[in-house]
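Try each task before you read its solution.

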Amino acid sequence: MQILVKNGTLVNQGRIRKADILISDSVVRRIADSISEDADIVINAVGMYIFPGFIDLHAHFRDPGLTYKEDIESGEKAAAAGGFTTVCVMPNTKPVTDTNEKIRYVLNKAGLINVLPFGSVTKNQAGLELADLAGMTDAAGFSEDGKTVVNAGVMRAALFECVRLGKTMFSHCEDVTLIDYDDIYGGNPNMSEDVIIARDIVMARELSAKLHICHVSTRSGVDIIRSAKSLGVSVTAEATPHHLTLCRDDIVKGDSNYKMNPPLRSREDRDALVEALKDGTIDAIATDHAPHSESEKGSDYKNALNGIIGLETAFPLSLGLGLPLETLARRMSETPAKILGIDKGRIAEGKVADLTIADINEEYNIPDKFYSKARNTPFIGKKVRGRIKYTICNGKIAFRIP
Ligand SMILES: [Zn+2]
(Lines give C-alpha, C1' and ligand atoms only; values in the text may rest on other atoms or scores of the structure.)
Protein backbone atom coordinates (compact mmCIF):
# COMPACT_ATOMS: atom_id res chain seq x y z
CA MET A 1 0.00 0.00 0.00
CA GLN A 2 1.20 3.47 -0.87
CA ILE A 3 0.51 6.69 0.99
CA LEU A 4 1.42 10.05 -0.49
CA VAL A 5 1.59 13.02 1.86
CA LYS A 6 1.47 16.19 -0.19
CA ASN A 7 2.16 19.88 0.49
CA GLY A 8 3.16 19.53 4.12
CA THR A 9 6.01 21.18 6.02
CA LEU A 10 8.55 18.74 7.37
CA VAL A 11 10.14 19.37 10.78
CA ASN A 12 13.02 16.96 10.89
CA GLN A 13 16.62 16.81 12.14
CA GLY A 14 16.88 20.48 12.89
CA ARG A 15 15.39 21.62 9.60
CA ILE A 16 12.04 22.87 8.37
CA ARG A 17 11.19 22.43 4.70
CA LYS A 18 8.20 21.98 2.45
CA ALA A 19 8.14 18.49 0.98
CA ASP A 20 6.03 15.64 -0.31
CA ILE A 21 6.57 12.20 1.18
CA LEU A 22 5.87 8.90 -0.50
CA ILE A 23 5.42 5.88 1.74
CA SER A 24 5.16 2.31 0.56
CA ASP A 25 5.52 -1.06 2.25
CA SER A 26 6.00 0.60 5.65
CA VAL A 27 9.02 2.58 4.47
CA VAL A 28 9.58 6.19 3.39
CA ARG A 29 10.40 5.75 -0.31
CA ARG A 30 10.91 9.33 -1.39
CA ILE A 31 11.06 12.83 0.01
CA ALA A 32 11.03 15.58 -2.62
CA ASP A 33 9.76 19.08 -3.33
CA SER A 34 6.99 17.62 -5.42
CA ILE A 35 5.96 14.03 -6.03
CA SER A 36 3.21 13.16 -8.47
CA GLU A 37 2.65 9.47 -8.38
CA ASP A 38 -0.40 7.29 -7.97
CA ALA A 39 -0.97 6.22 -4.38
CA ASP A 40 -3.73 4.31 -2.60
CA ILE A 41 -4.15 7.18 -0.15
CA VAL A 42 -3.27 10.82 -0.74
CA ILE A 43 -3.16 13.09 2.28
CA ASN A 44 -3.29 16.78 1.50
CA ALA A 45 -1.19 18.27 4.30
CA VAL A 46 -1.31 21.86 3.13
CA GLY A 47 -0.77 24.16 6.10
CA MET A 48 0.21 21.22 8.29
CA TYR A 49 3.49 20.22 9.89
CA ILE A 50 4.95 16.74 9.70
CA PHE A 51 7.06 15.53 12.60
CA PRO A 52 8.91 12.27 13.10
CA GLY A 53 6.47 10.10 15.09
CA PHE A 54 6.62 11.05 18.74
CA ILE A 55 8.37 8.67 21.13
CA ASP A 56 7.26 8.53 24.75
CA LEU A 57 9.89 7.22 27.16
CA HIS A 58 7.43 6.82 29.99
CA ALA A 59 3.85 5.54 30.05
CA HIS A 60 1.70 3.12 32.03
CA PHE A 61 -0.58 0.85 29.98
CA ARG A 62 -1.63 -1.12 33.11
CA ASP A 63 -1.69 -4.42 31.23
CA PRO A 64 -1.60 -7.13 32.56
CA GLY A 65 -3.72 -7.04 35.65
CA LEU A 66 -5.00 -3.49 35.94
CA THR A 67 -6.89 -3.33 32.67
CA TYR A 68 -9.90 -1.57 34.19
CA LYS A 69 -7.62 1.51 34.08
CA GLU A 70 -6.13 0.93 30.63
CA ASP A 71 -5.04 -1.96 28.46
CA ILE A 72 -2.57 -2.22 25.64
CA GLU A 73 -5.24 -1.67 22.99
CA SER A 74 -6.73 1.46 24.58
CA GLY A 75 -3.28 2.74 25.48
CA GLU A 76 -2.15 2.35 21.89
CA LYS A 77 -5.21 4.20 20.62
CA ALA A 78 -4.60 7.05 23.06
CA ALA A 79 -0.96 7.15 21.99
CA ALA A 80 -1.78 7.25 18.28
CA ALA A 81 -4.37 9.99 18.87
CA GLY A 82 -1.64 11.98 20.61
CA GLY A 83 0.81 11.57 17.72
CA PHE A 84 2.95 8.88 19.38
CA THR A 85 4.24 6.01 17.27
CA THR A 86 6.48 4.48 19.94
CA VAL A 87 5.71 4.23 23.64
CA CYS A 88 7.80 2.72 26.42
CA VAL A 89 5.63 1.09 29.05
CA MET A 90 6.59 0.74 32.68
CA PRO A 91 6.72 -2.64 34.44
CA ASN A 92 4.58 -1.82 37.50
CA THR A 93 1.73 -3.99 36.25
CA LYS A 94 0.06 -6.92 38.00
CA PRO A 95 2.04 -9.13 37.90
CA VAL A 96 5.13 -6.97 37.62
CA THR A 97 6.92 -7.28 34.28
CA ASP A 98 10.07 -8.90 35.64
CA THR A 99 10.71 -11.81 33.25
CA ASN A 100 11.13 -12.06 29.52
CA GLU A 101 7.92 -14.08 29.28
CA LYS A 102 5.98 -11.16 30.74
CA ILE A 103 7.72 -8.76 28.39
CA ARG A 104 6.73 -11.01 25.48
CA TYR A 105 3.09 -10.81 26.65
CA VAL A 106 3.15 -7.03 26.15
CA LEU A 107 4.95 -7.25 22.81
CA ASN A 108 2.57 -9.88 21.50
CA LYS A 109 -0.50 -7.86 22.42
CA ALA A 110 0.73 -4.64 20.81
CA GLY A 111 0.21 -3.83 17.15
CA LEU A 112 -1.22 -0.40 16.33
CA ILE A 113 1.99 1.36 17.37
CA ASN A 114 5.41 0.30 18.66
CA VAL A 115 5.15 -0.60 22.33
CA LEU A 116 8.48 -1.09 24.08
CA PRO A 117 8.26 -2.66 27.53
CA PHE A 118 10.77 -1.95 30.27
CA GLY A 119 11.74 -4.75 32.62
CA SER A 120 11.56 -4.37 36.37
CA VAL A 121 14.87 -3.91 38.20
CA THR A 122 13.98 -6.13 41.15
CA LYS A 123 11.81 -9.22 41.41
CA ASN A 124 8.18 -8.18 41.84
CA GLN A 125 9.47 -4.61 42.40
CA ALA A 126 10.02 -5.61 46.00
CA GLY A 127 13.40 -3.90 46.07
CA LEU A 128 15.20 -6.85 47.60
CA GLU A 129 16.47 -9.16 44.93
CA LEU A 130 17.68 -8.25 41.46
CA ALA A 131 15.44 -9.54 38.66
CA ASP A 132 17.09 -11.57 35.91
CA LEU A 133 18.05 -8.56 33.82
CA ALA A 134 20.19 -10.61 31.43
CA GLY A 135 17.24 -12.95 30.83
CA MET A 136 15.00 -10.06 29.78
CA THR A 137 16.47 -9.92 26.31
CA ASP A 138 13.41 -8.17 24.85
CA ALA A 139 13.33 -5.34 27.41
CA ALA A 140 13.92 -1.87 25.95
CA GLY A 141 15.50 -0.83 29.24
CA PHE A 142 15.06 -1.30 32.96
CA SER A 143 13.08 0.65 35.51
CA GLU A 144 11.60 0.32 38.98
CA ASP A 145 9.22 3.17 38.12
CA GLY A 146 6.63 3.95 40.71
CA LYS A 147 9.41 3.40 43.19
CA THR A 148 13.09 4.00 43.77
CA VAL A 149 15.45 1.06 44.20
CA VAL A 150 15.96 2.01 47.84
CA ASN A 151 18.91 -0.25 48.57
CA ALA A 152 22.01 1.35 47.04
CA GLY A 153 23.78 -2.00 46.88
CA VAL A 154 20.97 -3.46 44.79
CA MET A 155 21.03 -0.38 42.56
CA ARG A 156 24.78 -0.72 42.10
CA ALA A 157 24.37 -4.35 41.05
CA ALA A 158 21.58 -3.36 38.63
CA LEU A 159 23.67 -0.59 37.06
CA PHE A 160 26.56 -3.02 36.73
CA GLU A 161 24.26 -5.40 34.83
CA CYS A 162 23.02 -2.54 32.63
CA VAL A 163 26.61 -1.79 31.62
CA ARG A 164 27.26 -5.46 30.84
CA LEU A 165 24.05 -5.71 28.79
CA GLY A 166 24.39 -2.32 27.09
CA LYS A 167 21.05 -1.12 28.42
CA THR A 168 19.86 2.04 30.11
CA MET A 169 18.49 2.44 33.63
CA PHE A 170 15.37 4.63 33.85
CA SER A 171 15.31 5.90 37.39
CA HIS A 172 12.33 7.14 39.41
CA CYS A 173 14.00 9.29 42.07
CA GLU A 174 12.22 9.53 45.40
CA ASP A 175 13.49 8.95 48.92
CA VAL A 176 10.25 8.18 50.76
CA THR A 177 11.90 8.52 54.18
CA LEU A 178 11.89 12.29 53.57
CA ILE A 179 8.16 12.52 52.85
CA ASP A 180 5.53 13.61 55.36
CA TYR A 181 2.42 11.83 54.13
CA ASP A 182 0.16 13.69 56.57
CA ASP A 183 0.96 16.98 54.86
CA ILE A 184 -0.98 16.28 51.69
CA TYR A 185 -0.07 19.43 49.75
CA GLY A 186 3.46 20.16 50.95
CA GLY A 187 4.82 16.94 52.44
CA ASN A 188 6.90 15.80 49.49
CA PRO A 189 9.97 18.06 49.49
CA ASN A 190 12.32 18.65 46.56
CA MET A 191 15.04 17.04 48.65
CA SER A 192 13.31 13.67 48.37
CA GLU A 193 13.88 13.72 44.62
CA ASP A 194 17.27 15.45 44.61
CA VAL A 195 19.11 13.06 46.93
CA ILE A 196 18.29 10.07 44.72
CA ILE A 197 19.14 11.94 41.50
CA ALA A 198 22.51 12.69 43.10
CA ARG A 199 22.99 9.13 44.36
CA ASP A 200 22.20 7.54 41.03
CA ILE A 201 24.44 9.97 39.14
CA VAL A 202 27.32 9.22 41.50
CA MET A 203 26.90 5.50 40.87
CA ALA A 204 26.41 5.88 37.10
CA ARG A 205 29.58 7.95 36.91
CA GLU A 206 31.60 5.42 38.88
CA LEU A 207 30.34 2.47 36.81
CA SER A 208 30.10 4.28 33.44
CA ALA A 209 26.45 3.25 33.29
CA LYS A 210 23.83 4.87 31.08
CA LEU A 211 21.32 6.53 33.40
CA HIS A 212 18.07 8.27 32.53
CA ILE A 213 16.31 10.34 35.18
CA CYS A 214 12.53 10.05 34.95
CA HIS A 215 10.12 12.99 35.44
CA VAL A 216 12.54 15.59 36.81
CA SER A 217 10.58 18.22 38.70
CA THR A 218 13.02 20.29 40.76
CA ARG A 219 15.39 23.15 40.03
CA SER A 220 18.20 21.57 42.01
CA GLY A 221 17.63 18.26 40.23
CA VAL A 222 18.20 20.15 36.98
CA ASP A 223 21.37 21.73 38.42
CA ILE A 224 22.75 18.32 39.44
CA ILE A 225 22.01 16.85 35.99
CA ARG A 226 23.53 19.85 34.22
CA SER A 227 26.75 19.60 36.20
CA ALA A 228 26.89 15.81 35.73
CA LYS A 229 26.61 16.27 31.97
CA SER A 230 29.41 18.83 32.04
CA LEU A 231 31.55 16.19 33.78
CA GLY A 232 30.84 13.73 31.00
CA VAL A 233 28.49 11.46 32.94
CA SER A 234 26.23 9.46 30.62
CA VAL A 235 23.01 10.84 32.08
CA THR A 236 19.86 11.97 30.29
CA ALA A 237 16.59 13.30 31.67
CA GLU A 238 12.92 13.78 30.89
CA ALA A 239 10.22 16.16 32.11
CA THR A 240 6.47 15.82 31.76
CA PRO A 241 4.11 18.31 30.09
CA HIS A 242 2.33 18.80 33.43
CA HIS A 243 5.52 19.68 35.32
CA LEU A 244 6.49 22.01 32.47
CA THR A 245 3.17 23.86 32.46
CA LEU A 246 1.76 23.76 35.99
CA CYS A 247 3.04 24.62 39.43
CA ARG A 248 1.85 24.31 43.01
CA ASP A 249 -0.09 27.61 42.77
CA ASP A 250 -2.31 26.06 40.10
CA ILE A 251 -3.58 23.26 42.34
CA VAL A 252 -7.32 23.39 42.89
CA LYS A 253 -7.54 22.23 46.48
CA GLY A 254 -9.42 18.98 46.76
CA ASP A 255 -9.22 18.18 43.04
CA SER A 256 -7.18 15.00 42.90
CA ASN A 257 -6.50 15.49 39.18
CA TYR A 258 -3.70 17.74 40.43
CA LYS A 259 -2.22 14.95 42.51
CA MET A 260 0.80 13.37 40.91
CA ASN A 261 4.20 12.00 41.81
CA PRO A 262 6.50 13.89 41.76
CA PRO A 263 4.07 16.59 42.89
CA LEU A 264 3.63 19.95 41.23
CA ARG A 265 6.35 22.15 42.68
CA SER A 266 7.10 25.88 42.84
CA ARG A 267 6.96 28.33 39.96
CA GLU A 268 10.77 28.62 40.16
CA ASP A 269 11.09 24.86 39.76
CA ARG A 270 8.80 24.88 36.76
CA ASP A 271 10.65 27.78 35.13
CA ALA A 272 13.96 25.95 35.65
CA LEU A 273 12.52 22.88 33.89
CA VAL A 274 11.46 24.93 30.88
CA GLU A 275 14.91 26.54 30.69
CA ALA A 276 16.51 23.09 30.95
CA LEU A 277 14.26 21.77 28.19
CA LYS A 278 15.35 24.65 25.97
CA ASP A 279 19.07 24.23 26.60
CA GLY A 280 18.98 20.42 26.35
CA THR A 281 19.74 19.60 29.98
CA ILE A 282 16.30 17.99 29.88
CA ASP A 283 16.59 15.79 26.82
CA ALA A 284 13.04 14.61 26.35
CA ILE A 285 9.39 15.31 27.00
CA ALA A 286 7.78 12.16 28.43
CA THR A 287 4.14 11.87 29.44
CA ASP A 288 4.15 9.61 32.52
CA HIS A 289 0.66 8.71 31.23
CA ALA A 290 -0.94 7.29 34.38
CA PRO A 291 -4.55 6.23 33.89
CA HIS A 292 -6.77 5.54 36.92
CA SER A 293 -10.46 4.76 37.37
CA GLU A 294 -12.94 7.43 38.49
CA SER A 295 -13.21 5.93 41.97
CA GLU A 296 -9.45 5.76 42.45
CA LYS A 297 -9.18 9.45 41.62
CA GLY A 298 -12.57 10.56 42.89
CA SER A 299 -11.89 9.77 46.51
CA ASP A 300 -10.55 12.47 48.79
CA TYR A 301 -7.25 14.10 47.82
CA LYS A 302 -5.26 12.36 50.51
CA ASN A 303 -6.26 8.86 49.44
CA ALA A 304 -6.48 9.45 45.70
CA LEU A 305 -3.89 7.67 43.58
CA ASN A 306 -1.09 9.65 41.96
CA GLY A 307 -0.85 10.55 38.32
CA ILE A 308 -2.68 11.84 35.27
CA ILE A 309 -3.20 10.70 31.71
CA GLY A 310 -0.95 12.47 29.24
CA LEU A 311 -0.71 10.90 25.80
CA GLU A 312 -3.56 12.83 24.22
CA THR A 313 -2.60 16.24 25.63
CA ALA A 314 1.21 16.12 25.38
CA PHE A 315 1.51 17.73 21.96
CA PRO A 316 -0.61 20.87 22.46
CA LEU A 317 0.76 21.40 25.98
CA SER A 318 4.35 21.06 24.76
CA LEU A 319 3.71 23.25 21.72
CA GLY A 320 2.44 25.90 24.11
CA LEU A 321 5.90 26.16 25.69
CA GLY A 322 7.01 28.12 22.64
CA LEU A 323 10.09 26.11 21.74
CA PRO A 324 11.29 26.30 18.13
CA LEU A 325 9.54 23.49 16.24
CA GLU A 326 12.91 21.88 15.45
CA THR A 327 13.64 21.68 19.18
CA LEU A 328 10.19 20.27 19.89
CA ALA A 329 10.82 17.50 17.33
CA ARG A 330 14.14 16.75 19.04
CA ARG A 331 12.63 16.54 22.53
CA MET A 332 9.61 14.48 21.48
CA SER A 333 11.19 12.14 18.97
CA GLU A 334 14.81 12.42 17.91
CA THR A 335 16.46 12.40 21.34
CA PRO A 336 14.14 9.77 22.87
CA ALA A 337 15.14 7.50 19.96
CA LYS A 338 18.81 8.11 20.74
CA ILE A 339 18.26 7.38 24.42
CA LEU A 340 16.60 4.08 23.50
CA GLY A 341 19.24 3.29 20.89
CA ILE A 342 16.61 2.67 18.20
CA ASP A 343 16.74 3.66 14.54
CA LYS A 344 13.80 6.07 14.71
CA GLY A 345 13.18 9.73 15.44
CA ARG A 346 13.77 11.08 11.95
CA ILE A 347 12.04 10.96 8.61
CA ALA A 348 14.40 9.69 5.95
CA GLU A 349 14.29 7.73 2.71
CA GLY A 350 14.64 4.02 3.36
CA LYS A 351 13.63 4.31 7.02
CA VAL A 352 10.44 2.98 8.58
CA ALA A 353 7.60 5.46 8.09
CA ASP A 354 6.64 6.71 11.55
CA LEU A 355 5.32 10.23 11.29
CA THR A 356 2.86 12.62 12.81
CA ILE A 357 0.91 15.26 10.95
CA ALA A 358 -0.40 18.21 12.96
CA ASP A 359 -2.11 21.53 12.52
CA ILE A 360 -0.14 23.76 14.87
CA ASN A 361 -2.57 26.67 14.63
CA GLU A 362 -5.92 25.05 15.37
CA GLU A 363 -7.34 26.23 18.68
CA TYR A 364 -9.74 24.17 20.76
CA ASN A 365 -10.59 23.25 24.31
CA ILE A 366 -9.30 19.90 25.60
CA PRO A 367 -12.36 17.67 25.46
CA ASP A 368 -13.61 15.45 28.28
CA LYS A 369 -13.58 12.34 26.10
CA PHE A 370 -10.42 10.38 25.41
CA TYR A 371 -9.28 7.27 23.59
CA SER A 372 -7.74 6.29 26.92
CA LYS A 373 -10.07 4.39 29.24
CA ALA A 374 -9.35 7.03 31.86
CA ARG A 375 -10.01 10.74 32.04
CA ASN A 376 -7.98 11.76 35.07
CA THR A 377 -6.42 15.03 33.96
CA PRO A 378 -6.66 18.61 35.17
CA PHE A 379 -6.47 19.87 31.57
CA ILE A 380 -10.09 19.16 30.53
CA GLY A 381 -11.56 22.39 29.20
CA LYS A 382 -8.19 24.12 28.85
CA LYS A 383 -7.81 26.20 25.71
CA VAL A 384 -4.87 24.94 23.65
CA ARG A 385 -3.41 25.22 20.17
CA GLY A 386 -2.16 22.33 18.05
CA ARG A 387 -4.16 19.34 16.84
CA ILE A 388 -2.92 15.95 15.68
CA LYS A 389 -4.50 15.14 12.31
CA TYR A 390 -2.82 11.89 11.30
CA THR A 391 -0.44 9.45 12.91
CA ILE A 392 1.30 7.04 10.57
CA CYS A 393 3.10 4.12 12.16
CA ASN A 394 5.08 1.52 10.24
CA GLY A 395 3.59 2.97 7.05
CA LYS A 396 -0.03 2.52 8.15
CA ILE A 397 -2.52 5.10 9.35
CA ALA A 398 -2.78 4.48 13.09
CA PHE A 399 -4.92 7.55 13.71
CA ARG A 400 -6.80 10.10 11.67
CA ILE A 401 -8.88 12.88 13.09
CA PRO A 402 -12.55 11.89 12.83
ZN1 LIG B 1 7.73 7.49 38.33
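The exercises cover a metal site, a helix, a lysine and a pocket.

The model is predicted: local features need pLDDT of at least 70, side-chain atom pairs count only at pLDDT 80 or more, and totals for chains, interfaces and linings use all residues. Residues are numbered from 1 along each chain as its sequence is written, and side-chain values use heavy atoms, with hydrogens and water left out.

**Exercise 1. Find the protein donors of the zinc ion and state their spacing in sequence.**

Start at the ion. Its protein donors are D145 (OD), H172 (ND1) and H215 (NE2), at 2.0 to 2.2 Å. Donors here are N, O and S atoms within 2.8 Å of the metal (3.2 Å for Na, K and Ca); water is not among the atoms, so the site may look incomplete. Next, read the spacing: D-x26-H-x42-H. D145 sits in the loop between β10 (142–143) and α3 (152–165), and H215 in the loop between β12 (210–213) and α5 (219–230), 70 residues apart. Helices (H or I, at least four residues) and strands (E, at least two) are DSSP runs, numbered from the N terminus. Finally, check burial. Both D145 and H215 are buried (under 20% relative accessible area; exposed is over 50%, partly exposed in between; 1.4 Å probe, protein chains only).

**Exercise 2. Is K389 buried or exposed, and which side chain does it join in a polar contact?**

Locate K389 in strand β16. K389 is buried, because its relative accessible area is 14%. Its side chain makes a polar contact of 2.8 Å with that of E362 (here, N or O atoms within 3.5 Å, one able to donate a hydrogen and the other to accept it; residues adjacent in sequence count only if both atoms are side-chain atoms). Beyond four places in sequence, K389 is in contact (heavy atoms within 4.5 Å) with residues including M48, D359 and F399.

**Exercise 3. Which strand gives the largest share of the lining of the second largest pocket?**

The answer is β16, with three residues.
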